[in-house]
Amino acid sequence: MKRVYYILLLGIIFLSMFACSEAGKEMFEGPNSICFRFPTTSEDIEEYRKLDSSLIFREDTVVYSFAFDMEATEREICIPVQIAGFATEYDRKYKVTVEEYNGTQADVHYEAISEEQILGAGKTTDSLRVKFFRRDMDKVARKIGLRIKTGGDFVELDTLDVRILVLQEFGDVPRDGFP
């Protein structure tokens with residue numbers, strides 16, 4: 001009888017060693033993709049406002065006014081990005097394009113953004129940093145649009161683009177939409 005128990009016990013141990021082999025399989029399959037993680041829910045907006053309370057979120061647009069700091073001559077705005085996939089042990093590249101509105105110009109109203117951006121090793125989220133300069137904003141708000149494109153180590157997701165609107169004063173915010 002003991003012999004039967006030992007054989008059953010050895011059989012169970014033997015089977016359990018192979019039954020767990022599926023646990024190491026990766027759950028994600030498909031190409032690594034990246035998109036803007038624009039805060040859309042009230043929880044997301046509250047979480048982001050804890051980090052930067054001077055930004056206003058409207059649909060696909062981030063609004064900032066230099067009225068928050070009248071002494072400031074420049075302001076860096078961080079737009080979160082997030083991947084679909086796993087973190088890696090090495091840096092990866094993604095591509096961003098910029099569309100300028102209202103006569104906004106790179107290196108005049110904002111620091112030129114490199115088309116190729118880096119997602120650091122070990123990260124699944126990061127921020128695209130855009131620095132705006134307080135120049136020539138007395139008559140018109142400055143606006144750029146950002147889009148992630150396929151290239152580098154990622155493919156783009158079919159998501160909304162992000163726009164950044166920078167104003168001199170809050171009274172400049174249009175009520176019927178953005179310029």
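Student: How many bridges join β5 to strand β8?

Tutor: This is a predicted model, in which local features need pLDDT of at least 70 and side-chain atom pairs count only at pLDDT 80 or more, while totals for chains, interfaces and linings use all residues. Residues are numbered from 1 along each chain as its sequence is written, and side-chain values use heavy atoms, with hydrogens and water left out. Strands are DSSP runs of E, at least two residues, numbered from the N terminus, and two of them pair if DSSP finds at least two bridges between them. β5 and β8 (residues 142-149) run antiparallel, and the bridges joining them number 7.

Student: What is the angle between the planes of Tyr 64 and Phe 66?

Tutor: Rings of Phe, Tyr and Trp (its six-membered ring) pair if their centres lie within 6.5 Å; planes under 30 degrees apart count as stacked, over 60 as edge-to-face and the rest as tilted. The search of the whole structure finds 2 aromatic pairs. Tyr 64 and Phe 66 form an edge-to-face pair, 5.4 Å centre to centre, and the angle between the planes is 80°.

Student: How many residues apart in sequence are the parts that Tyr 110 and Phe 132 tie together?

Tutor: Tyr 110 and Phe 132 form a tilted pair, 6.0 Å centre to centre with 45° between the planes. Tyr 110 lies in the loop between β5 and β6 and Phe 132 in strand β7 (residues 125-133), so the parts tied together are apart in sequence by 22 residues.

Terms used. Helices (H or I, at least four residues) and strands (E, at least two) are DSSP runs, numbered from the N terminus.
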